[in-house]
Amino acid sequence: MKEKIIKKEDVEYLGRLARIELTEEEKKKFEKELGKILEYISKLNEVNTENIEPTYHVLPLKNVFRDDIPESSTSKEEILKNAPDKDDDFFKVPRII
Amino acid sequence: METLKLSIWQLRELYKKKEVKPSEVVMSLIEEIYKKDKEIHSYLYINEKAIEQAKKVDEKIAKSENLRELEGIPISIKDNICTKEIPTTCASKILQNFIPPYDATVIERLKNAGAIIIGKTNMDEFAFGSSTENSAFGPTKNPFDLNRVPGGSSGGSTASVASNLCFASLGSDTGGSIRQPSAFCGVVGMKPTYGRVSRYGLVAFASSLDQIGPITKNVRDNTILLKIISGKDKKDSTSVNIEVPDYEKHLGEEIKNLKIGVPKEYFIEGIDREIKEKIFKVLKLLEKEGAIIEEITLPHTSYGIATYYIIATAEASSNLARFDGVKYGYRSKNYKNLFEMYTKTRGEGFGEEVKRRIILGTYVLSSGYYEAYYLKAQKVRTLIKKDFELAFEKVDVIITPTTPELPFKIGEKKDDPLKMYLSDIFTVNVNLSGLPAINIPIGFSLNKLPIGLQIIGNFFKEEEILKVGYVIEKNIKEEKYE
């Protein structure tokens, strides 16, 4: 594991990656706290994991398939009820191009 | 109303004997919630329609019709489980106005059994927390001491059960979120085996760890609820097609020659002395009942929290990408373009702990760090799971304290996230391994705070831990262990 103390620029970069606008106060706070948490997490370096397979999933499940039979689903109207902005049958979002 | 203190199976008997009407129970329950919950704040939403529903059950009873298993029984639901036409907020501003157009599978199953959804309970925002202080709508208080936390993240559910403001509740458990608050509130809380209960309709936190489970006043009620919500669901491909036993029938079975493992790594320095003493008293009692107590070792125990916080935050950062201000929930009012709409919506909509975890999860998954953190953690996870698998070759169940400490004061850990994360030290490894585990209340500390014991079982052996839990509960009720 690479040693790396989090810097303020790192927090800003991560905020952009995660699409979260952070306040100056949050940036300062997270910089300090994430450094501490990552330091704690680095204790995993003590564990020898050579030749150990990762566990992504606890059960021995493989792909689960079902027959492709159409079923009724939630109506457009019901789904659009929760939309913060809509137009007719569409979700409305700010202009992209 | 004394009736509110009853268990599910007792209330069911009263309905059958026509001694009390479901509508009376629901009305007095709602009245009680309005009165008592001002202080405790276990509920975020009270379902007034429950009264109409209960009146229909009144009619059924009047006509002496057959009652389904949970007919007319009021149950509260953690607010991250989708309930049709009832708000589901995850205690987050970003979902404040969200009303699901569908029921989670567990809700469908409860409704099919006749249960009445009495309301939605408070929680740490998106289940990120161990104290219910991270709710965007204010913290829940511990009913045993209003200056202390109820635990979390299902703290609203456990507080509502502990204060008789419902007859049972459903919570969710990703790293201890059912068991730890159950210990802090003195109730029975079960995290089933991963795959035992459908996660369809549970707002996802960490998909490889999340499970829904019952929180109840006693072990028998827990068996009743677990049976109803368990089983394969085609809408959740990780739910497993293994027969669901009639758990209730296993209660009262002897535990003679049952092998109980006690991992030495769970009795380290720093654990509360009173908790330790109580656990050992219970172990003695189980020995008297014929169980064989064996010290075991789970050598990778101390790596659990580090492993958990890598995997859980990584999965959470990905799962919470869906809250983008487009399809549902909150959208910021002041943005100039699409990018800003996302960042401002999420910046304004998420609380501090949610942001902290998304940022951490994004970091451990980001290019250059994936192998060092995420992959490494998944490998240590294999070792943690292997520890349990080896242990279960020798013993039938494992007993540990549920928490290293008694309920802490509100605000005590709020400013130190790492300290807060460490309160799940005895519960996270169970999720990392996928095993079932339950909290059983085993009495009180000198300052009258509840103490909990955790029983961990082998995969899909919920009946084993329920059986042992029932023996403990019975002995404690008869005050045999003091």
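Visitor: What makes two strands a pair here?
Guide: Two strands pair if DSSP finds at least two bridges between them. Keep in mind that this is a predicted model.

Visitor: How do you know that β1(B) and β3 of chain B pair?
Guide: Three bridges join β1(B) to β3, residues 116-121 of chain B, and the rule asks for at least two, so they count as a pair. The two strands run antiparallel. As for one bridge, Tyr45(B) has Lys120(B) in β3(B) as its partner.

Visitor: What order do the strands of the sheet take?
Guide: The order is β1-β3-β2-β4-β6-β5-β10-β11-β9-β7-β8 in chain B, 11 strands in an open sheet with mixed pairing.

Visitor: Why are β1 and β8 of chain B said to stand at the edges?
Guide: Each has a single partner strand, so one side of β1 (43-46) and one side of β8 (292-296) are left without a neighbour in the sheet. From one strand to the next, the twist averages 30°.

Visitor: How do you know that helix α15 of chain B packs on the sheet?
Guide: Helix α15 (residues 462-477) touches β5, β9, β10 and β11 of chain B, and touching here means heavy atoms within 4.5 Å. The direction of α15 makes about 10° with that of β10(B).

Visitor: Why does the radius of gyration of chain B agree with a compact globule?
Guide: A compact globule of 482 residues would have a radius near 23 Å, and chain B has 21 Å, so the two agree.

Visitor: How many of the residues of chain B count as buried?
Guide: Of the 482 residues, 68% do, each with under 20% relative accessible area.

Note on methods:
Residues are numbered from 1 along each chain as its sequence is written. Chains are lettered from A and ligands numbered from 1 in the order in which they are written. This is a predicted model: local features need pLDDT of at least 70, side-chain atom pairs count only at pLDDT 80 or more; totals for chains, interfaces and linings use all residues. Side-chain values use heavy atoms; hydrogens and water are left out. Helices (H or I, at least four residues) and strands (E, at least two) are DSSP runs, numbered from the N terminus. Axes are lines fitted to C-alpha atoms, for helices over the stretch in contact, and angles run from 0 to 180 degrees between N-to-C directions. The radius of gyration is taken over C-alpha atoms; the globule rule is 2.2 Å times the number of residues to the power 0.38. Buried means under 20% relative accessible area, exposed over 50%, partly exposed in between (1.4 Å probe, protein chains only).
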